[in-house]
Amino acid sequence: MLKVLFAASECVPFIKTGGLADVVGALPPVLKAQGIDVRVILPLYSEIPEEFKSRMKTVATFEAELGWRKQYCGIETLEYQGITYYFVDNRYYFDRPYVYGMGGDEHERFAFFCRAVLDALPRVDFQPDILHCHDWQAGMIPALHKIQYQYLPFYSNMKSMMTIHNLQYQGVFDRRAVQDCLGLGDGLFTSDKLEFYGAANFLKSGLVYCDWITTVSPSYAKEITTAYYGERLDGLLRARHNELTGVLNGIDMNAYDPAKDDAIAAHYSAARPAGKAKCKLALQREMGLREDLAVPVIGMVTRLSGQKGLDLVDCVLPEIMETGCQLVILGKGDRRYVDLFNWAQANWPGRVAARFEMNMPLSHRIYAGADMFLMPSLFEPCGLSQLIALRYGTLPIVRETGGLRDTVLSYNEFSGEGNGFSFFNYNAHDMLAVIRRAVTYYCEKQDIWKKMMKRGLTGDYSWDKSAGEYIALYKKLTGEGNA
């Protein structure tokens, strides 16, 4: 049986700041169901709920060497829904009121995590075939494995895979500080190895030394080899394009199921769609909007940042509201966009509602109660929100980039194909034209709208196919099969 260790900085249901946690939480059970012995390791943050901490058992304690320091490391374990989870315990680094800080000692916190992951393996009696590392926080694991550990018998046959969830976040720090933590010699800091414009880069380190690179959609895998999307790593990614694969993310089809979701006002399905109207009226009531089934509701559940295309919304918000729609926004982020949507709520009372928080139950009610879901992203490695929206029969309006291009097909009035609406250029008026088109279909062509809704409700957005692609790559790396 193939053995795989997922190393990541977050994972549902224990700790979450973004989509990385959803992926690391949802994929392992599907891999296990397909015959893989998969386990997960992550830091033991103080923010992890007590209901999980109280059930953990200590399986190892040791000192991890961090340059001239020796730091206590405890490994706690917990089995949850059939998966074994390990938690790296060090209160100095992880007993803080945040998951990620502002940079002060982030290099040291996650250097410790990467060192601890490798040092823990023989102590917890798990010898994985694949070290599957996610994003920059785990990026030093492939580098340390190749540079310092591979020559030891226990580690000699392990292979490593690096998954990029968002190339924009790379973990770039002072070179000497990282060298000091991890005992990395000057000779390693050349442009073809660890050096990055005079600094140290955790993600680049992983991409240089891992045996295979994946990212979270086929289109994003191609995009990041270009200068526009490559975040100054496009040259490296072009050089490794033969070892770079885009594997589309899925969602947990049970966690997002309108037929049995307890967070929404009424259950519904493709066979019994009437409950969606009840969800819409309940959402309008909850958010203080005028209750009217005839008015199209556009939802957004998003991080309030430039990446998410909110500057396009800012450019044409009055024109969007002229379509007669209602707008519901849920998210946290940049002050600029908080101010924008506060202004919009005051300007269009009963038609715009915004909540600036992380609220999972409310997000489910928006997915279920909205008619359309707007994602005009500047770039989007995969995106889960458009998949969740489709699962709830809410038609996405997206920009054709990354995973949005791979999952949303714009409605074609001649062939009848499509499950949403899309535009290509990063341009506010292109987005506006597509919003107007969607509103027109909703108001004037309900027969077509209902067909598209049903298409969304019956789509397969599960991890099954993607898990199979990962397993094929694992087997290729270990010589057990061909990808």
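A: In this predicted model, helix H10 passes helix H13 in a left-handed crossing. H10 comprises residues 275-287 and H13 comprises residues 360-369; their axes come within 8 Å and cross at roughly 125°. An angle of that size makes H10 oblique to H13. The residues that meet can be named on both sides. H10 contributes Lys276, Cys279, Lys280, Leu283, Glu286 and Met287, while H13 contributes Leu362, Arg365, Ile366, Tyr367, Ala368 and Gly369.

The next topic is an open sheet of six strands, in the order S15-S14-S13-S16-S17-S18, with parallel pairing. Its edges are formed by strand S15 (352-355) and strand S18 (421-423); each has a single partner strand, so one side of each is left without a neighbour in the sheet. From one strand to the next, the twist averages 15°. Helix H11 (residues 310-321) packs on this sheet and touches strand S13 (297-301), strand S14 (326-330), S15, S16 and S18. The direction of H11 makes about 155° with that of S14. Within the sheet, strand S16 (residues 372-375) and strand S17 (residues 395-399) run parallel and are joined by four bridges. In this pair, Phe373 stands opposite Pro396 in S17.

Strands of a sheet pair through backbone hydrogen bonds, and the pairing may be either parallel or antiparallel. Two bridges join S8 to strand S10 (residues 199-201), and the two strands run antiparallel. Phe173 stands opposite Ala200 in S10.

H1 covers residues 19-33, and its 15 residues reach 22 Å from the first C-alpha to the last, close to the 21 Å expected at 1.5 Å a residue. Of these 15 residues, 11 are buried, so H1 is largely enclosed by the rest of the structure. The buried residues are Leu20, Ala21, Asp22, Val23, Val24, Gly25, Ala26, Leu27, Pro28, Val30 and Leu31. The buried residues of H1 pack against strand S1 (3-7), strand S2 (37-43), strand S5 (83-89), strand S6 (130-134) and helix H18 (464-478). After H1 comes Gly35, with a positive phi near 95°.

Terms used:
Residues are numbered from 1 along each chain as its sequence is written. This is a predicted model: local features need pLDDT of at least 70, side-chain atom pairs count only at pLDDT 80 or more; totals for chains, interfaces and linings use all residues. Side-chain values use heavy atoms; hydrogens and water are left out. The expected span of a helix is 1.5 Å times one less than its number of residues. Buried means under 20% relative accessible area, exposed over 50%, partly exposed in between (1.4 Å probe, protein chains only). Contact means heavy atoms within 4.5 Å. Two strands pair if DSSP finds at least two bridges between them. Axes are lines fitted to C-alpha atoms, for helices over the stretch in contact, and angles run from 0 to 180 degrees between N-to-C directions. Angles under 35 degrees count as roughly parallel, over 145 as roughly antiparallel, 65 to 115 as roughly perpendicular and the rest as oblique. A crossing is left-handed if the near helix is turned anticlockwise from the far one by less than a right angle, and right-handed if clockwise.
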